[in-house]
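Please look through the sequence and the structure before reading on.

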Amino acid sequence: MVRFCRPSRIMLGSVTLCCVFIFTLFLRDVFQFFASDFDRGNHSDGNERTLEQFDVLKSEITRSIRSRTLQALCQVEKKNDTKNLSEKEKTTLYRQIIVDDQRRFLFCFIPKVACSNWKRVIKVMQGTLDPESKGKMDHHSGMTFLQDNEQNLARLKLKHFYKFMFVRHPLERLLSAYRNKFGENIGDYRRRYGSKIIRAYRPKSKAREAFMKGDLSITFEEFLRFLIDSDTSTMDVHWKPMHELCQPCAVHYDFVGSFEQLREDADFVLGRIRGNSTVSFPKRQGYYRPTTPDTLISELSKVRPIVLQQLVDKYILDFALFGYSAPSLDV
């Protein structure tokens, strides 16, 4: 059975990290105390702790954990300034950052972390998209990216503009990418990657059988094994580690929100950046099938423990930097 636990068994070799996790445990215990107290009904009519206030407390604790984790880990990170990034790392980063000069903000988008909705919101604010538009959106037309700026100007904007990004539990993000790109075959990913993955991770007889049927669908474990063996520097952006896309140590973000509390965090950011615009964050469409923690647990139960351990090792900085629990297996 798969369960999620605090990453106490992950040896990260850093006293700073240990201190961060101790602080994290403390904050989570505080949150759990309030949660259990509220669930037991220990609140009278005269008590001002409402469900809404409880949600605010939850959001603030989560943000505090993530912020302190980032600060502590980045203190020992050599790439604590964009000047210390390689040209390839800088190119990747600048390609991910959307620039709004009028409102003076930078948004580093991560695929599979509500980035389509954020792009839609930004386009509506900038007047390049009708807020009532329901059709497919071009993700690049009409948008300015940091890579479009001259180097010195880009550095000035990184220093002075309001900067934000959103993250998601690493494994939920990978499962979402798998379901979208290989389950729904968006962008013909099966053709681009399917035969290569099947050839690498199936017995020859099974691979030959799949090719004869023309079936290039792959399992979630095969996808994860492919990621484990891939070089992160050349990965597709939909499963490239989040910290390599947005470099949260080199770029000092003013706000790091999460997919898990998207509504609260999106409203917080919009309150800071939208100015006179009345735009709001889109509600989830009825046809959308979200990748939930329950869905993830169900899929992970089909994956061998050794594969999960290797995957966590591969994405360990995404877990550590953004304060996410690593999976543990009871077998």
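This is a predicted model: local features need pLDDT of at least 70, side-chain atom pairs count only at pLDDT 80 or more; totals for chains, interfaces and linings use all residues.

Residues are numbered from 1 along each chain as its sequence is written, and side-chain values use heavy atoms, with hydrogens and water left out. Helices (H or I, at least four residues) and strands (E, at least two) are DSSP runs, numbered from the N terminus.

**Sheet**
- Five strands form an open sheet in the order β4-β2-β3-β5-β6, with mixed pairing. Two strands pair if DSSP finds at least two bridges between them.
- β4 (144-145) and β6 (255-258) are the edge strands, and each pairs on one side only.
- β3 (residues 105-108) and β5 (residues 162-167) run parallel, joined by four bridges. L106 has K163 in β5 as its bridge partner.
- β5 and β6 also run parallel, with four bridges between them. Here V167 stands opposite S258 in β6.
- β6 is covered on both faces. F255 and G257 on one side, and V256 and S258 on the other, are all buried. Buried means under 20% relative accessible area, exposed over 50%, and partly exposed in between (1.4 Å probe, protein chains only).

**Helix across the sheet**
- Helix α11 (residues 262-273) lies across β3, β5 and β6. α11 runs at about 170° to β5.
- Axes are lines fitted to C-alpha atoms, for helices over the stretch in contact; angles run from 0 to 180 degrees between N-to-C directions.

**α6 with α9**
- The axes of α6 (residues 170-183) and α9 (residues 220-228) come within 11 Å and cross at roughly 115°.
- The two helices are therefore roughly perpendicular to each other. Angles under 35 degrees count as roughly parallel, over 145 as roughly antiparallel, 65 to 115 as roughly perpendicular and the rest as oblique.
- L174, L175, Y178 and F182 in α6 meet F220, F223 and L227 in α9. Contact means heavy atoms within 4.5 Å.
- By class, this contact has seven nonpolar, no polar and no charged residues. Ala, Val, Leu, Ile, Met, Phe, Trp, Tyr, Cys and Pro count as nonpolar, Asp, Glu, Lys and Arg as charged, and the others, Gly among them, as polar.

**α6 with α7**
- The axes of α6 and α7 (residues 189-201) come within 9 Å and cross at roughly 105°. α6 and α7 are therefore roughly perpendicular.
- K181, F182 and G183 in α6 meet Y189, R190 and Y193 in α7. These residues divide into three nonpolar, one polar and two charged.
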